[in-house]
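This report covers the disulfides and the nonpolar cores of a protein chain. The structure comes first, then the text.

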Amino acid sequence: MSCFIFFKVMMAVFNFLIFLGGLTLLAMGIWVTVDGSSFLQLLGPFSSQAMQFVHVGFFCIAIGAILILLGLLGWCASYKDNKCLLLLFFSIIMIIFIAEVAAAVVALSYSAFAEGILRAWARPALHSQYGSDPVVTKIWNTTMMELNCCGFTNYTDFVGSEYEKQSGGQLPASCCHSNSTTCSQQEALKVDAPGCFRNILMVLKEHATVVGGVAAGIGLLEIFAMFVSMYLYCTLNEKMS
């Protein structure tokens, strides 16, 4: 009985934390959707990239609402000792866990496919919006400056672009690694600055330990939640039988 009460309390605390996390995401999502400009000023240029292409506000609202419902479901299941709710909670956590494992496997196995998707977005954006759209221009300038890179693949991403036409055949200065505002194709060819995708991958590899640790921590929490909910379910089943 003492173990049952302990796990019941742990279940309540765990779902309270899930509920708080969902509430935080929901509030952030509403803030981004209603007042996106102040959110961008707080988080900087990379958040504007996410805002424009991933619709962060709606994503946070959706995930926040799911976490709130999941937290309430788990809390009600443990508080009321309801077997059906416990089984439903276990099933949802298991589905989320399996989906995360599948996503990780796909991400590791099909990195070339992911690169193709990113290139399909990045190159048209560079061709048509760099130099004319201030948000896109600021994002790419910051990225190229911070990572010492040029374009998505290399300088050829700017060849034939709107920026090259407007600047009289010049490329961004980052492609020549110079402080000058001019950079010709010949100079960029000699410098051969790497594309930003390659540098981003290097940064990700450098922080792979942190990313892996966070992913492992989330996975362990989900396994713990499944174990506790199934333990409570089995204990209640034994009591009733």
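A disulfide is taken here as a pair of cysteine sulfur atoms within 2.5 Å. The model is predicted, and it holds three disulfides. With 75° about the S-S bond, the link of Cys176 and Cys183 is right-handed.

| Disulfide | S to S |
|---|---|
| Cys149 to Cys196 | 2.0 Å |
| Cys150 to Cys175 | 1.9 Å |
| Cys176 to Cys183 | 1.8 Å |

When the bonded cysteines are counted along the chain, the pattern is 1-6, 2-3, 4-5.

Cys149 sits in the loop between α7 and α8 (162–166) and Cys196 in helix α10, so this bond ties together parts 47 residues apart in sequence. The torsion about its S-S bond is about 85°, so the disulfide of Cys149 and Cys196 is right-handed. Cys149 is buried, with a relative accessible area of 0%, and Cys196 is buried at 1%.

For Cys150 and Cys175 the torsion is about 70°, so that disulfide is right-handed. Cys150 lies in the loop between α7 and α8, and Cys175 in the loop between α8 and α9 (185–191), 25 residues apart. Both of these cysteines are buried, and Cys176 and Cys183 are buried too. Elsewhere, Cys76 is partly exposed at 25% relative accessibility, while Cys84 is exposed at 62%.

Cys175 is also one of the residues that touch the most other members of the largest nonpolar core, which has 20 residues. Elements giving two or more residues to this core are α6 (111–128), α7 (134–147) and α10 (196–206). The largest share, three residues, comes from α7. A second, separate core has 17 residues, including Leu86 and Ile93.

Beyond its neighbours within four places in sequence, Cys175 is in contact with several residues, among them Tyr155, Phe158 and Val191.

Conventions
Residues are numbered from 1 along each chain as its sequence is written. This is a predicted model: local features need pLDDT of at least 70, side-chain atom pairs count only at pLDDT 80 or more; totals for chains, interfaces and linings use all residues. Side-chain values use heavy atoms; hydrogens and water are left out. A nonpolar core is a set of buried Ala, Val, Leu, Ile, Met, Phe, Trp, Tyr and Cys residues joined through side-chain atoms within 4.5 Å. Buried means under 20% relative accessible area, exposed over 50%, partly exposed in between (1.4 Å probe, protein chains only). Helices (H or I, at least four residues) and strands (E, at least two) are DSSP runs, numbered from the N terminus. Contact means heavy atoms within 4.5 Å.
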